Amino acid sequence: QGRYSASVDLLRRARTVIPGGVWGHNRMPSALDPDELPWFADCGRGARLRDVDGHWYVDYICGYGAIINGYARPEIDDAVRDQALRGSTLSQATAKTVELAELLVDLVDGMAWAAWGANGSDATWTALTMARAHTGRPHVAQVVNAYHGSHSWNGPADPGQGRPGQDTSLVHQVRWNDVAALDELFARHGDELAAFVVTPYHHPIPGDAEFATPEWRDALNTHCRRTGTLLVVDDVRAGFRLDLRGSHAAFGFHADLVCFSKGLGNGWPLSAVMGTEAIRKTSEQIFLAGTFWNSANSMAAALANLTLLRDEEGVKKMQHSGELLTSGLRRIAERNGVPMQVTGPVAMPSVTVRDDDQKWMRRFAVHMAAQGTLLHAGHNWALSTAHTPELVEETLTHAETAMARAQEDLGR
Ligand code: PMP
């Protein structure tokens, strides 16, 4: 019996009835042998997750960033339970929807209203649609290798993946922090761009995170304002982990529309698009809908989640633990002679070792899991407010051993 035999067994059953055994981004570590990593979870509590074989981990995947106040945080899940007893997807919106919108407008910098979706991809698509309606222009722009969701407007086109070139024919791509490319884009297409969609810092997967240079950010702000192109900040991944005012405020982007999702409902499915007063009328006129977009369970969760983050200064906690984690990883890597890069905000660091196919990080992830820390070899990590300094210390102890073992495995 292998360490992950229950997981392997489930995967075998799953592969006959679910494409690839697991659907969606949770399949991302598919390059990894299921004998060496857990593919199925049983439960989560705080910063810890238990797999179906009964092993507990300190989890730095955090539901791909959705868990920001820890798994099964009682105050949040009690609010959901209370709501669920009275029904979640009702025939009308509930007071919770209004209360959440009021709280978001109060918290988020410059935004006057909030509209809903269930996933991040709903939010970015909604923002694009609003920008096109508002400007009457068809084109949009994004950064090369920036992910804004699985809908096929988000390039690059790939006919083999069912993403024909027609779907991205109105989408322009420029490289992050390349001011000349930005100048050229706006010189050629400034008058026909509805939106420039941008993440508050560049977090390609896999890859190192990069902050915007002040020159690039200022050029983007200025070009957008001058040409009437709406600046859409996709804060789906970073939202509420770095700054409750929205990451656009933290990084100095003059956003017209902002998209949130992952950290919003602490795991309960919800996304929000927020916009300025100037876009209110358009937001009232366009039609977009989803059956579950007003589900009260998620609204109740988000209200409790954001209230906790605000009242307990959750961002500071994540920052503190993130500093311990990233400085510790750097120190251990240096001691073991591992050329590890730790980039991006400390509460959601990108940890990479430059080599083919993330070979080193994949061995590291396997050895970390064997000791009780769960991480993703190719995705940025995420901390929650439940990741206490003590748990980070536990992880750093695991990292000492796992780094040495990864080095051994690869003969380095
Ligand atoms: N934008 C960004 C920046 C994201 O990281 C993601 C998800 N990884 C999305 C949009 C899409 O969100 P979802 O998977 O919930 O549709």
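Predicted model: local features only at pLDDT ≥ 70, side-chain atom pairs only at ≥ 80, totals over all residues.

The chain holds 12 helices and 13 strands, and it is divided into domain 1 (5-71 + 313-409) and domain 2 (74-311).

**Overall shape**

- A compact globule of 412 residues would have a radius of gyration near 22 Å, so the 21 Å of this chain agrees with that.
- The C-alpha trace spans about 60 × 55 × 45 Å along its principal axes.
- Of the 412 residues, 47% count as buried.

**The largest nonpolar core**

- This core has 110 residues, and the members touching the most others are Ala195, Phe196, Val232, Leu257 and Ala272.
- Its largest share, 9 residues, comes from helix α9 (residues 296-311).
- Domain 1 and domain 2 each contribute at least three residues to this core.
- In soluble globular proteins, nonpolar side chains tend to be buried together.
- Beyond its neighbours within four places in sequence, Ala272 is in contact with Leu104, Ala114, Ala115, Trp116, Ala123, Phe260 and Leu264.

**Around the ligand**

- Which residues surround the ligand? They are Asn119, Gly120, Ser121, Thr124, Tyr147, His148, Gly149, Thr199, Asp234, Val236, Arg237 and Ser261.
- Helix α4 (residues 120-135) gives the most to this shell, with 3 residues.
- By class, the shell has 2 nonpolar, 8 polar and 2 charged residues.

**A closer look at Gln319**

- You will find Gln319 in helix α10.
- Is Gln319 buried or partly exposed? Gln319 counts as partly exposed because it has 16 C-beta neighbours inside 10 Å, while a buried residue would need 20 or more.
- Leaving aside neighbours within four places in sequence, Gln319 is in contact with Val346 and Ala347.
- Gln319 and Arg81 are 238 residues apart in sequence, and their C-alpha atoms are 30 Å apart in space.

**Backbone spots to check**

- The peptide bond from Gly155 to Pro156 is cis, with omega near 0 degrees; Pro156 sits in the loop between β5 (139-143) and β6 (171-174).
- Another cis peptide bond runs from Ile205 to Pro206, with omega near -10 degrees. Pro206 belongs to the loop between β7 (193-198) and α6 (214-227).
- Ala72 has a positive phi of about 55 degrees although it is not a glycine. Its place is the loop between β3 (56-59) and α2 (74-84), and with 15 other C-beta atoms within 10 Å, Ala72 is partly exposed.
- Asn145, also a residue other than glycine, has a positive phi near 70 degrees. Asn145 lies in the loop between β5 and β6 and counts as partly exposed, with 15 C-beta neighbours inside 10 Å.

Technical notes. Residues numbered from 1 in each chain as written. Core = buried A, V, L, I, M, F, W, Y, C linked by C-beta atoms within 7 Å. Buried ≥ 20, exposed ≤ 12 C-beta atoms within 10 Å, placed from the backbone. Helix = DSSP H or I, 4+ residues; strand = E, 2+ residues; numbered from the N terminus. Domains from an automatic or database assignment. Contact = placed C-beta atoms within 7 Å. Rg over C-alpha atoms; globule rule 2.2 N^0.38 Å. Near = placed C-beta within 6 Å. Nonpolar A, V, L, I, M, F, W, Y, C, P; charged D, E, K, R; others polar.
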